[in-house]
Amino acid sequence: MVNVLVGKADGTCGVWDLSIGEYLGCFRVHNKAITDCSWSHDDTFIITASDDALIILWEASLQKCTKILKGHCSSVICCCTNGSNSLIASGSFDETVRLWSALSGECTAVIPAHADPVTSVNFAKDDTLLFSTSIDGSCRIWDVNTCGCLYTISLNSYKHLTNVLFSSRLTSVLLGTHDGLLCRVRLRDGTIAPILSGIRATEILHVSQLEPDCDTLVVGTKKDQFVAWRLRDLYRDTSEENVCEIKFMMKSDQCARGPRLFDCTNDGCMVVVCERHEISVYQVSHDIAF
Amino acid sequence: MFRLFERKDVNRQWEVVEDTLSGGRTTCCAWNRRGTMLACGTASGSIVIWCWDVRAVTREFSRSDETDEEAAATLSVQWSGDGRKIVAAKSDGKVEVWDVLEEDVRAVLSNVGLCSSVGFSAARPKGDTLVISPSVQRAPYVRGTSLRGQKEMEMPSPHDAPIPGFAVCSKNGKYIFVGDAKGVVSVVDAEATRLVRSFDVPNATMVKRLELCRNGKHLLAVTNAQTLYGFDVDDAATEASEVLRPAREYASPWASRLQWGAAAYPWNGEFVYGVSSGAAHEIHVWDRASGELKCVLEGPAEAKGVTQLAAHPIRDCAIALGSNGYMYVWSRKHVEDWSAFDPSFVTLVDNNEYVEAEDEFDAKPPGEKQTRRGQIPVERLDPDDAPDLFTGSPNDFYTDNSDDDVLHALPIRIKPDPAAEKFAAERRAKWDRKAKRREERKRAEEEASKKVKESENKDVAEKTMETKAG
């Protein structure tokens, strides 16, 4: 059962079942656009964050709204759960990162994280660390238990950081910036190595990786391109033959258990990367506007 | 993993009571392997599991076949090494083995008798063998968890007759340390069930509890003596007699004349914390290596004494279980590390005289590169030098990474909040009303425009009629 969650700009959130290729339904409670949506790690609930400063938890099966997390002062830009699904972290336009308890729906901590809107949050693999990036060009690492800042990475010129991913060994952090630079920062000594600069001079909007076998990165850019890179080859400078642009491909029937990566384009295509490294694009007939 | 980034000089001693938790009248508690869950046994016989990330109760296990009057209080709880089972000793002499995920009691051993502690043997992390320390008549013994046909291997004791005691497994499961009711701590080889060595704890005639440090290197004997006695453990020693070595005593001139009630090591064994068995909530802190008393911490007096000290396996915090059934969370004071926010911040202890340079406020001539504070050097990555970013085995931050199948967290069960559903319903009603109003307005407009058109047509028709007539 492969399900994909799609959040739209009119505040609805739709679920697609990929194995049948069917639209399962949509939920709508937000009255402004949805900025981020994600599944919990065991796929039992869905979180949607939106511009109306609310984060809503949904039951994955019943399309019932389980909890509403109120507290942010302005639009929530990103949200994610920790590995054991007990905590939800959200970063917002009001420059704070809030930690919520999924059990009770209360805000357990407000972290005054950055000096500019927070663009992405992510938990480390064992749930003890929280990463947050922001437009002010810094990426901070927080201890989840004490909510204290442990480390700050700032790039030398204040580029807007849009995304953060971390390596499984926690030796380095992958940061995506707004002007097309993907940086790898080695955490021990703080050295930065740019990996991928200027994918055809476009802006990186979202970086994701295939979870189980993490050597492919898919980068979504603003110009409706999705570029998949094999990490091993990333170290060579921008070799063109590794860039595979995905625009339209046939629907694949061989989706493996669950895609962890999906992205939407502006012209109504949904790109899904399945676990078996097959990248398929579904032309969606419903009106999707992002 | 968080320890990668912690400052090296942080003071790990517990300092303040951070929180008070209560979920039923708690009688005993135990951390799971990574400290993500806390299992508490209550006086009503149920086992409550707390999720430590959010400090909330996630599960409560209670026997459905027992009524409230029959339910016996829980005397001790322990997790199995893989986190899937909990064993609880009850005050009616029964021992229950619960399966954590299924929330069902796997086995109830009814003929055990009153025990001071029951734990899983560390040698088989799957939770198959129990180490039972009865309170009366028998020496500690090892048996399996299934109900029938169980061989019970008693721990050999250095005395002539079997004597009740307190048994604790060493970290690798090869040895079992037994502190018995005559004040002797013995080392037993777990596989061969052979007594290796025994030590007389000085001035003690009864060993109440044995506490093993989380790193497996230290053992503390809480006895009826006026001092706590510490041992050093080396369970990988080739010479079996070198496994346990007496280290030092921990004495406190401020302790009341009562005996020591509970003691614990923190996760790294840096200190020794002891509580005397009176009504005072006072924790004495010693430096483990030197034996010197560092301070006495005072907690809320309403606790009326501390029955158990359980140190967190990874973090610098602990639970002090009060006699009133509440759990007090002790942890170190959180000091904000300002240089973590910006590498160029330096925490000053005293006022520093700052001498301005001559050209401090001069405008820098154009063309000179301005280095920003805290700039991090950018290096070009050499492809041959690039270690695998995402592939490769993860760092072993935890020793249990090699054990497959360890359960660290329970599936979250979120109760739907009726207020949320109401909010959603209100919003939907509002949208429906707006949509309806919009429809009505559209219809009204259409009718109005139709009417206008009709009247126009009529005018046009009349005009043509007139022109025709005229």
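This is a predicted model: local features need pLDDT of at least 70, side-chain atom pairs count only at pLDDT 80 or more; totals for chains, interfaces and linings use all residues.
## Chain A at a glance

Let's start with the overall make-up. Chain A has 26 strands and one helix. It runs to 290 residues, and 64% of them count as buried.

Over in chain B, four strands make an open sheet, and if you read across it the order is β1-β28-β27-β26. The pairing is antiparallel. β1 (16–21) and β26 (306–311) sit at the edges with a single partner strand each, so one side of each has no neighbour in the sheet. Direction ignored, neighbouring strands here are turned by 25° against each other on average.

β27 (residues 317–322) and β28 (residues 327–331) of chain B are joined in the antiparallel sense by five bridges.

## Chain B: the β6 to β9 sheet

Chain B has another open sheet of four strands, and its order is β6-β7-β8-β9. Pairing is antiparallel here. Which strands stand at the edges? They are β6 (74–79) and β9 (104–109) of chain B; each has a single partner strand, so one side of each is left without a neighbour in the sheet. On average, neighbouring strands of this sheet are turned by 20° against each other, direction ignored.

To zoom in on a pair, pick β7 (residues 85–90) and β8 (residues 95–99) of chain B, which run antiparallel and are joined by five bridges. Across that pairing, B:K85 stands opposite B:D99 in β8(B).

## Chain B: helix α1

Helix α1 of chain B covers residues 418–469, which makes 52 residues. From first C-alpha to last, α1 reaches 75 Å, close to the 76 Å expected at 1.5 Å a residue.

Which residues of α1(B) are buried? Among them are B:A420, B:F423 and B:A424, along with B:R427 and B:W431. Buried here means under 20% relative accessible area, counting protein chains only.

Technical notes. Residues are numbered from 1 along each chain as its sequence is written. Chains are lettered from A and ligands numbered from 1 in the order in which they are written. Side-chain values use heavy atoms; hydrogens and water are left out. Helices (H or I, at least four residues) and strands (E, at least two) are DSSP runs, numbered from the N terminus. Buried means under 20% relative accessible area, exposed over 50%, partly exposed in between (1.4 Å probe, protein chains only). Two strands pair if DSSP finds at least two bridges between them. Axes are lines fitted to C-alpha atoms, for helices over the stretch in contact, and angles run from 0 to 180 degrees between N-to-C directions. The expected span of a helix is 1.5 Å times one less than its number of residues.
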